[in-house]
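Here is a short report for a reader meeting this structure for the first time. Look over the chains first, then read on.

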Amino acid sequence: MKRLSLLSIGLYLFLIVAFFALSGELVALAIPPAVYILAALLQSPEELRLQVTRTLNTTCVSQELPVEVTIVIQNLGSHLAEILVSDMLPEGLSLVEGETQLGGRLPAGETLTLRYVVKGLRGTYEFRNIHVVATEPLGLFRRRARLEAPEVLLVLPEVLRLRRVPIRPLQTRGYAGPIPARAGGSGVDFFGVREYQPGDPQRWINWRISARHSRSLFTNEFEQERVADVGLILDARRRNDYRVNGESLFEYSVRATAALAGVFLNDGNRVTLLVYGRGLEWTFPGYGKVQREQILRGLARAKTGDSLVFESLDYLPTRLFAAKSQLVLISPLCEEDPQMLSRLRSRGYQMLVVSPDPVRFESRTLADQELGKVAVRLAQLERALLLRKLRNAGIPVVDWDVNQAFEQTVYAAIGRTPLWFRAVEVSS
Amino acid sequence: MKWTPRLLPYCIALAAGTPLAAYALSGRTGQVLILLALGVWWLVGVYRKQPSLGNLCATGILLMVMIGALSDLPSGWLLVGTLALLAAWDMEHFYHRCHLVARIEASDDLERRHLGQLALILGIGAILAGLSLGVHLRLNFAVAVLLTLLAALGLRRLLSRLRRQSD
């Protein structure tokens with residue numbers, strides 16, 4: 001029961017009994033509570049006129065790094081004897097330092113500052129309203145207000161360490177880079193031999209072949225090395241998100257995507273990101289550190305979701321990727337995916353699949369049960385068949401057991417195979 | 001916050017103790033025991049941080065004060081009891097309100113101002129109540145009923161308006 005109601009009922013009771021009993025003493029005893037209510041009434045807060053500003057020391061931060069939130073409330077109205085300011089933390093953020101509530105006095109024209117530090121896992125966090133309750137000193141009358149102070153915090157994903165991922169798309173771009181361009185010219189790796197042309201460096205002349213022909217000279221050609229277009233496709237279909245003990249396999253996919261984006265951009269490639277699942281969230285192609293930031297922001301916003309249209313990979317919009325470029329799909333994969341991936345390969349895209357293993361991810365909880373062991377074995381067989389289908393179609397697959405380091409898995413799968421072989425098939 | 005938790009048990013003791021003393025002086029053991037139980041119960045509620053228990057005990061003591069006034073117990077004792085009751089009830093809620101908030105800026109200053117305000121209100125209440133105890137008016141039953149109705153209606157209107165404003 002509210003205090004005011006309780007006090008009012010007590011006062012009524014005193015007065016009614018006093019008048020019916022014709023007791024002046026009871027009337028006198030009712031005076032202190034009446035004065036109490038009257039004093040509270042005279043000081044009850046007027047319409048709240050508050051100005052609120054929320055500032056974050058950064059709006060974009062790496063995972064688990066602290067962010068300081070400062071809320072300043074200025075009183076543009078009359079004196080407030082008691083004020084309670086409370087801010088709601090977006091779900092997923094945890095408080096590291098300070099408090100999200102603050103009480104105190106707020107005289108007219110003065111400010112109250114609430115400061116706290118939060119940290120969180122990858123994601124987008126929207127700070128919304130701030131709740132304010134103002135009361136008079138006795139706490140009987142109060143006014144509430146919900147002040148808008150929106151701000152968005154992006155927590156970028158953890159970027160796993162990765163040195164280099166060898167790729168070999170059919171088409172490269174015009175700028176020099178580390179990717180073999182399937183065209184002769186200046187480079188490091190031997191490409192072929194052609195007839196000598198004036199202007200060719202003398203040290204490139206292949207004397208052994210030239211010695212076999214009396215009238216012509218031959219020079220070595222090297223494979224040109226260029227940058228390429230790389231399209232990263234992150235599978236965000238909810239059906240492919242597995243959750244065990246509050247941990248999500250999708251988070252591993254995101255980390256892998258961030259690592260791959262970093263390594264491809266470091267090599268000077270033009271990289272684009274498509275988050276496929278809830279809808280299409282596309283990051284425009286670009287180069288360098290700015291693009292890295294854009295992709296990390298895109299990954300910070302990535303969420304799994306359901307969509308009837310994007311339930312399968314059939315509606316993957318290939319127009320978003322340069323023709324004959326390198327596509328990297330990061331997905332735990334499902335049964336019907338290999339058909340679409342084979343189709344993409346037949347259209348000239350060079351494919352690479354990085355697949356966090358959902359069976360090993362989930363088997364941690366089932367390992368103790370006898371029936372669970374059988375189920376895990378069956379699921380592993382099913383997955384092995386799925387991956388074999390892809391490999392047979394000439395699509396390299398990095399089968400990533402998320403308990404292992406990503407870098408180690410990537411190099412074990414595609415790091416050691418020769419380039420000419422890598423373009424055709426990769427065995428893990 | 002130093003003073004409120006220190007003063008609160010004394011106020012509760014005074015709130016229950018003065019009507020208890022008045023009842024004890026007139027030799028009514030039953031009521032003495034009831035008041036003692038209410039006082040102890042309230043103190044337990046304070047230590048357990050249960051203000052609802054305080055509400056219940058304060059209501060009980062108030063009813064005992066009312067019965068005491070109707071039973072011609074000494075008004076001075078009852079007035080002191082009412083004032084102490086109001087102080088204890090207010091302080092308990094203030095203490096609870098402050099404890100619900102994670103951090104209070106300048107809490108000592110806030111407490112000092114609150115206690116000052118409360119003392120002033122209780123002082124005015126005590127003076128007015130003391131003065132009115134000395135005033136004797138002769139009213140017949142019809143006038144008393146009329147006054148009661150007027151007071152009740154007036155209070156009802158006032159409180160409903162205040163509640164609307166407060167919401």
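How many residues of chain A are in contact with chain B? In this predicted model, 44 residues of chain A are in contact with 51 residues of chain B. Among the elements of chain A, α1 (3-20), α2 (24-42) and β6 (101-106) each supply at least two residues of the side that touches chain B. The largest share, 13 residues, comes from α2(A). By class, that side of chain A has 29 nonpolar, ten polar and five charged residues.

Next, the domains. Chain A is divided into three stretches:

| Domain of chain A | Residues |
|---|---|
| domain 1 | 50-156 |
| domain 2 | 183-226 |
| domain 3 | 229-422 |

The centres of domain 1 and domain 3 of chain A, taken over C-alpha atoms, are 40 Å apart. Seven residues of domain 1 of chain A are in contact with six residues of domain 3 of chain A. On the domain 1 side, β8 (123-135) and β9 (142-156) of chain A give two or more residues each. β9(A) gives the most, with three residues. This side of domain 1 has four nonpolar, two polar and one charged residues.

Now a sheet. Four strands of chain A form an open sheet in the order β1-β3-β7-β5, with antiparallel pairing. β1 (50-56) and β5 (93-98) of chain A stand at the edges with a single partner strand each, so one side of each is left without a neighbour in the sheet. From one strand to the next, the twist averages 30°. Five bridges join β5(A) to the antiparallel strand β7 (residues 111-120) of chain A. A:L93 has A:G120 in β7(A) as its bridge partner.

How values were computed: Residues numbered from 1 in each chain as written. Chains lettered and ligands numbered in written order. Predicted model: local features only at pLDDT ≥ 70, side-chain atom pairs only at ≥ 80, totals over all residues. Pairing = 2+ DSSP bridges. Axes fitted to C-alpha atoms, helices over the stretch in contact; angles between N-to-C directions. Contact = placed C-beta atoms within 7 Å. Nonpolar A, V, L, I, M, F, W, Y, C, P; charged D, E, K, R; others polar. Domains from an automatic or database assignment.
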